[in-house]
Amino acid sequence: MNQDKEFYSVKELCSEYAMSQSTVYSMIRAGKIRAVKIGRCRKIPKADFLQMLYQQL
């Protein structure tokens with residue numbers, strides 16, 4: 001049973017797209033990608049990240 005995730009954690013995003021954590025946090029601070037803070041963890045909506053990624057191409 002493989003469910004599509006709606007959110008990525010920063011760690012998942014880094015491993016999936018070969019990015020460093022500092023790059024992801026910089027993109028969040030710059031407002032390039034949206035992140036939701038849940039407790040101590042930041043979650044990035046998958047749809048928002050993919051939209052930003054495709055706009056960069």
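## Buried, exposed or in between

A residue is called buried when its relative accessible area is under 20%, exposed when this is over 50%, and partly exposed in between. Keep those cut-offs in mind as we look at this predicted model. Asp48 has a relative accessibility of 24%, so it counts as partly exposed. Arg34, at 48%, counts as partly exposed too.

## A charged pair

What does Arg34 form with Asp48? The two residues form a salt bridge, and their closest N and O atoms are 2.7 Å apart.

Now find the partners along the chain. Arg34 sits in the loop between α2 (21-30) and β2 (36-38), while Asp48 belongs to helix α3 (residues 46-56). The two are 14 residues apart, so you can see this pair as a link between distant parts of the chain. How many salt bridges are there in the count? The count comes to 1 salt bridge.

Let's turn to sulfur. How many disulfides does a search of the whole structure find? The search finds 0 disulfides.

A disulfide needs the two sulfur atoms within 2.5 Å.

Cys14 has a relative accessible area of 10%, so it is buried. Cys41 has a relative accessibility of 30% and therefore counts as partly exposed.

Key
Residues are numbered from 1 along each chain as its sequence is written. This is a predicted model: local features need pLDDT of at least 70, side-chain atom pairs count only at pLDDT 80 or more; totals for chains, interfaces and linings use all residues. Side-chain values use heavy atoms; hydrogens and water are left out. A salt bridge is a side-chain nitrogen of Lys or Arg within 4 Å of a carboxyl oxygen of Asp or Glu. Helices (H or I, at least four residues) and strands (E, at least two) are DSSP runs, numbered from the N terminus. Buried means under 20% relative accessible area, exposed over 50%, partly exposed in between (1.4 Å probe, protein chains only).
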